[in-house]
Amino acid sequence: MKADATLDCIGLYCPMPIAHTAKKLEELEKGQVLEILADDEGIKEDMPAWCKTTGNELLGIEEEGEQYRLYVRKS
Amino acid sequence: MAERESVTLVVFSGELDKALAAFNIAIGAASMGMEVSMFFTFWGLNIIKRNEGSIRSKGVMRRMLNFINRGGSRRLHLSKFHMLGMGTWMMKRLMKDVNFPQLEELMAMAKEMGVKFIACTTSMGIMGISKEAFIPEVDSFAGVATYLAEAREGRVNLFI
């Protein structure tokens, strides 16, 4: 998936990945896509919950071994 | 979101682990776009006391209390396995080991995200703690009505 920006959250535990995502997304324009790299398993549940609450769109989660690539579109 | 949802946390406990949990939730809520207020009361006041200098108060008993119960984010103990400081030191090491921020960093982060810190004036009065004892990040000094007025508007309300 093509992203406009990437955020590296490898090695960070909850709530840091969502906190950093919220901050990074402020820099993006509406409709742009942020790619987030994470390895805290909780992110699989947390990012959908975060998106549901904030109204941003979760485009997908890709698993690569013990790492995750998440795509969020700013709305 | 039509209206900003709000979260109120009553932080009654002054232990490191409970403070970490409280700030974790506060940061999580703030990053979900919610308005967060943390009401520090009783032992919870220890979390927001400044680390430097001494706490001055009037009367022998209050002076004694504030000497024993000095507080400050760097002096907090774990609620379990403090073991004269060994356990707490180890937990801080473990957190560092996995790049988890220390309490002071979480507090700074929460503040930066707009989380409000409110200190309970009743506890301050009983224990003889003056405003000068607290870190400058404290937004206001208030009582139960302030807390309830915010809590009744909120959807999430926790007592820690």
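Predicted model: local features only at pLDDT ≥ 70, side-chain atom pairs only at ≥ 80, totals over all residues.
Local features are reported at pLDDT of at least 70 and side-chain atom pairs only at pLDDT 80 or more, while totals for chains, interfaces and linings use all residues. Residues are numbered from 1 along each chain as its sequence is written, with chains lettered from A and ligands numbered from 1 in the order in which they are written.

Chain A has two helices and four strands, taken as DSSP runs numbered from the N terminus (helices: H or I, at least four residues; strands: E, at least two). Along the sequence these elements follow the pattern β-α-β-α-β-β. Because a compact globule of 75 residues would have a radius of gyration near 11 Å, the 11 Å of chain A agrees with that expectation; the radius is taken over C-alpha atoms, and the globule rule is 2.2 Å times the number of residues to the power 0.38. The C-alpha trace of chain A spans about 30 × 25 × 15 Å along its principal axes.

The four strands of chain A form an open, mixed sheet in the order 1-2-4-3, two strands being paired if DSSP finds at least two bridges between them. Strand 1 (5-9) and strand 3 (57-64) of chain A are the edge strands, each pairing on one side only. On average, neighbouring strands of this sheet are turned by 20° against each other, direction ignored. Strand 3 of chain A runs antiparallel to strand 4 (residues 67-73) of chain A, and seven bridges join the two. Within this pairing, Glu63(A) has Tyr68(A) of strand 4 as its bridge partner.

Both helices of chain A meet the sheet. Helix 1 (residues 16-27) of chain A lies across strand 1, strand 2 (33-38) and strand 4 of chain A, at about 155° to strand 1. Helix 2 (residues 43-54) of chain A packs on the sheet, touching strand 2, strand 3 and strand 4, and its direction makes about 170° with that of strand 3. Angles run from 0 to 180 degrees between N-to-C directions, with axes fitted to C-alpha atoms, for helices over the stretch in contact. Contact requires C-beta atoms, placed from the backbone, to lie within 7 Å.

Of the contacts in chain A between residues at least 6 apart in sequence, 61% join residues at least 24 apart. Buried residues make up 32% of the 75 residues in chain A (buried: 20 or more other C-beta atoms, placed from the backbone, within 10 Å of the residue's own; exposed: 12 or fewer; partly exposed: in between).

In chain B, Val98(B) is found in the loop between helix 3 (86-97) and helix 4 (103-112). Val98(B) counts as exposed because it has 10 C-beta neighbours inside 10 Å.

Key
Contact = placed C-beta atoms within 7 Å.
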